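Take a first walk through this structure. Begin with the whole chains, then move to the details.

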Amino acid sequence: MAKQQQQQQQQQAKKPKKEVTKQYEQYVKQFTPRPKYFTNCAKAFVVGGLICMAALYIQNLLMKDGMSEKNAGAFVTVILICSAQLLTGFGVFDSIGKFAGAGIFVPITGFANSMVAPAIEYKKEGPVMGVGAKLFSLAGPVLVCGISAGTIIGVIYYLMK
Amino acid sequence: MDYLYAFLIGGGICVIGQVLMDTTKLTTPRILVIFVVAGAVLTGLGLYEPLVQLAKNGATVPLPGFGYSLAKGAMDGAKEGFLAALSGGLKNTAAGLTAAVVFGYIVSLIFSPKSKR
């Protein structure tokens, strides 16, 4: 008898527990701030667009000096990467990132930041296994997947020819 | 006119990223991977090249542009032979990647971690 009662009690206790958690989740949902979709997108659009426009401006300046389009493009990429990494070093990049969101993480600047940010964080582990390894902790996946995808496409083109 | 297209296309790609960040639980590195791979695949299908022609840096500066130059280098190399197909992608992006690694290493060694504001 006592066992049956216990089981009944447990069953009873289980059911309301689930409901309680559900209710609690709903309750929490009311208070978690919803991302402001529109303002976030607008900020990302403007900042991302401005970065691309600045890149085009620099490229045009370089091409005026007689650089070929390909070289100028590479040079602009280098400039963007270096300035993003410098900003990360100064700790400014995070503040910009908070404001612009994807606007600064989707351009190549975000890739540059993803290399330096963890590397600085793990500096204490030494220049080889700390900085050297963590430089690729976020950029590694991007490089592995990107290079794999690009090369596979190239090989497919070679085979199709 | 070029500047307008660069602004619109570049901003548009960033908005896609922002929507992914806000509406899904994808972390930033995953979004970066998705963008690079998507850029490479679109290039392979011949869909990204027109965008680059139209918007120039607006299409090459965001991360799909990185996938674009990887895939384009490999595809251009494929015309010359198998080895060129393997080396083409990295050859095309070598300057940016080398700068990112070397300069990133130097910056990481110089600066010390700062608490987030």
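What follows goes from each chain to the interface, and then to a few local features.

This is a predicted model, in which local features need pLDDT of at least 70 and side-chain atom pairs count only at pLDDT 80 or more, while totals for chains, interfaces and linings use all residues. Residues are numbered from 1 along each chain as its sequence is written, and chains are lettered from A and ligands numbered from 1 in the order in which they are written.

Start with chain A. It has eight helices and zero strands. Here helices (H or I, at least four residues) and strands (E, at least two) are DSSP runs, numbered from the N terminus. Along the sequence, the pattern of chain A reads α-α-α-α-α-α-α-α. Chain A has 161 residues, and 40% of them are buried. A residue is buried if 20 or more other C-beta atoms lie within 10 Å of its own, exposed if 12 or fewer, and partly exposed in between, with C-beta atoms placed from the backbone. Contacts tell of the fold too. Two residues are in contact if their C-beta atoms, placed from the backbone, lie within 7 Å. Take the contacts in chain A between residues at least 6 apart in sequence: 57% join residues at least 24 apart.

Chain B has six helices and zero strands. From the N terminus, its elements run α-α-α-α-α-α. Of its 117 residues, 52% count as buried. Its C-alpha atoms fill a box of roughly 50 × 35 × 30 Å along the principal axes. For contacts in chain B between residues at least 6 apart in sequence, the share that joins residues at least 24 apart is 56%.

Now bring the chains together. In chain A, 64 residues are in contact with 64 residues of chain B. The elements of chain A that give two or more residues to this side include α2 (37-64), α3 (69-90) and α8 (139-160). The largest share, 14 residues, comes from α2(A). By class, this side of chain A has 42 nonpolar, 18 polar and four charged residues. Ala, Val, Leu, Ile, Met, Phe, Trp, Tyr, Cys and Pro count as nonpolar, Asp, Glu, Lys and Arg as charged, and the others, Gly among them, as polar.

Look at one residue of α2(A). A:Gly49 lies in this helix. A:Gly49 counts as buried because it has 25 C-beta neighbours inside 10 Å. Which residues does A:Gly49 touch, not counting those up to four places away in sequence? They are B:Phe7, B:Leu8, B:Gly10 and B:Gly11. A:Gly49 and A:Pro107 are 58 residues apart in sequence, and their C-alpha atoms are 9.5 Å apart.

Move on to α4(A). Its buried residues are A:Phe93, A:Gly97 and A:Ala100. They cover an arc of only 80 degrees around the axis, so they sit on the same side of α4(A). The arc is that of the directions from the helix axis to the C-beta atoms. Their cover includes α2, α3, α5 and α6 of chain A. Just after α4(A), A:Gly101 takes a positive phi of about 60 degrees.

End in chain B, with B:Lys56. This residue lies in the loop between α3 and α4 (57-60) of chain B. B:Lys56 counts as buried because it has 24 C-beta neighbours inside 10 Å.
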